[in-house]
Amino acid sequence: MSVSESMMDGNQSLCSQFTFVAFSSLGELQFLLFALFLFIYFFSVGGNSIIICVIWLTPSLHTPMYFFLVNLSFLEICYISNVVPQMLAHLLVETKTISLAGCAAQMYVFAILGLTECCLLAAMAYDRFVAICHPLHYTLLMGPEVCMKLAAVCWAIGLVVESAQITWIFTLPFCGTGQIQHFFCDVIPVVKLACVDTSHNEIVLFVVSVLFIMNPCLLIFFSYVRIFVAILRIPSATGRGKAFSTCSSHILVVSLFYGTGLFTYLQPKSTHTPETDKAAALMYTAITPALNPVIYTLRNKEVKEAFQRLTQRKLP
């Protein structure tokens with residue numbers, strides 16, 4: 001007898017849809033949240049789109065660092081668009097439901113983009129490592145073909161690994177109220193709704209987190225250790241400042257992304273609460289994608305100058 005059949009025999013109906021708790025406890029404050037996150041959404045999509053256009057229209061920015069930045073900006077647009085529009089709609093309605101298929105689709109996109117971003121940030125750290133530690137071999141080691149392959153590997157890892165994991169999760173039977181203590185279909189809150197023992201899934205989730213989140217994080221860490229050592233060896237203060245300025249934006253983005261990601265997925269199960277999970281999720285699904293354009297424009301002289309030239313060229 002299958003698991004599904006045993007569930008039905010026990011008078012437990014399987015879920016065909018889920019209901020989000022989201023921010024229902026906030027009552028009328030949900031309208032203020034709607035206005036806030038609507039602004040954040042348009043700011044994020046607009047800002048990341050501007051970065052892509054500025055780099056695309058400026059030949060001097062057609063370098064490996066900005067190639068990866070275009071990938072990251074495109075990913076952030078997809079990332080925030082996968083979660084925030086649905087959250088905005090649910091802030092305006094009483095019943096916040098999603099079909100099983102819709103939940104699976106959202107989780108596929110969310111997980112694939114999340115793991116891809118981990119790998120892209122590691123590729124960007126490697127680019128800075130080569131540029132600062134091996135400047136004479138930079139054009140050879142980070143040629144256009146190498147950059148394309150690195151980006152393709154990042155997207156492929158996200159697609160293959162997370163597709164397998166999320167497919168496995170949605171082979172589980174879900175029953176009961178189908179109430180998700182979250183505002184979108186994140187992995188941990190959905191797995192909690194399964195009618196069967198999910199210890200194997202949780203072990204796999206932890207292993208994937210360690211292998212594909214911690215390994216890129218360690219690669220970034222050791223890259224920057226080598227980078228800082230190389231910067232300290234530069235004799236002039238001006239040279240050290242210029243070298244560090246090329247890394248500062250990336251360090252800020254990595255800190256924001258990995259700080260919330262590690263807090264969410266590597267903390268002990270007993271310490272998870274719906275409130276902390278939602279707060280952390282807001283950081284990496286809405287706030288971080290909105291901050292990236294700010295970080296990469298305000299702290300990046302080349303992007304600022306290119307944007308100013310393009311806007312001045314368009315003015316009469």
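Throughout these legends, contact means that heavy atoms lie within 4.5 Å. The views show a predicted model, in which local features need pLDDT of at least 70 and side-chain atom pairs count only at pLDDT 80 or more, while totals for chains, interfaces and linings use all residues. Residues are numbered from 1 along each chain as its sequence is written, and side-chain values use heavy atoms, with hydrogens and water left out.

View 1. E76 belongs to helix α3, which covers residues 64-91; helices (H or I, at least four residues) and strands (E, at least two) are DSSP runs, numbered from the N terminus. With a relative accessible area of 1%, E76 is buried, where buried means under 20% relative accessible area, exposed over 50% and partly exposed in between, using a 1.4 Å probe and protein chains only. Not counting residues up to four places away in sequence, E76 touches N48, E117, T288, P289 and N292. The side chains of E76 and N292 are joined by a polar contact of 2.5 Å, a term for a pair of N or O atoms within 3.5 Å; within protein, one must be able to donate a hydrogen and the other to accept it, and residues adjacent in sequence count only if both atoms are side-chain atoms.

**View 2. The largest nonpolar core and helix α4.** A nonpolar core is a set of buried Ala, Val, Leu, Ile, Met, Phe, Trp, Tyr and Cys residues joined through side-chain atoms within 4.5 Å. The largest one has 91 residues, of which L121, F170, F174, F183 and Y258 touch the most other members. Helix α4 (residues 100-133) gives this core its largest share, 19 residues, and 26 of the 34 residues of α4 are buried. At 1.5 Å a residue, the 34 residues of α4 should span 50 Å, which agrees with the 49 Å between its end C-alpha atoms; the expected span of a helix is 1.5 Å times one less than its number of residues.

**View 3. Helix α2 and its buried residues.** Helix α2 has 29 residues (29-57), which at 1.5 Å a residue should span 42 Å, in agreement with the 42 Å between its end C-alpha atoms. The buried residues of α2 include Q30, L33, F37, I40, Y41, S44, G47 and N48. An α-helix has 3.6 residues a turn, so residues three or four places apart point the same way.

**View 4. The largest pocket and its lining.** A pocket is found on a 1 Å grid over the protein atoms alone, as an open set of points where a 1.4 Å probe fits, with protein on both sides within 12 Å along at least five of seven lines; lining residues have an atom within 4 Å of a point. The largest pocket holds about 520 Å³ of space, and of the 22 residues that line the largest pocket, M65, Y66, R128, T246 and E302 are the closest to its centre. Helices α3, α4, α9 (237-265) and α11 (301-314) each supply at least two residues of this lining, and α9 gives the most, with seven residues.

View 5. T285 lies in helix α10, which covers residues 274-298, and is buried, with a relative accessible area of 1%. The side chain of T285 reaches the backbone oxygen of A281 at 2.5 Å. Leaving aside neighbours within four places in sequence, T285 is in contact with Y79, I80, V83, V84, F110, F183 and F184. D277 also has its place in helix α10, and at 6% relative accessibility D277 counts as buried. Although D277 and H182 are 95 residues apart in sequence, they are 7.7 Å apart in space, C-alpha to C-alpha.

View 6. V208 has its place in helix α8 (residues 199-232) and is buried, with a relative accessible area of 14%. Not counting residues up to four places away in sequence, V208 touches V161, E162, Q165 and I213. K192 lies in the loop between α7 (187-191) and α8 and is partly exposed, with a relative accessible area of 49%. In the loop between α8 and α9, R233 is exposed, with a relative accessible area of 69%. The C-alpha atoms of R233 and V204, 29 residues apart along the chain, are separated by 43 Å.

Conventions
Grid points are joined across faces, edges and corners, and a volume is the space filled by probe spheres set on the points.
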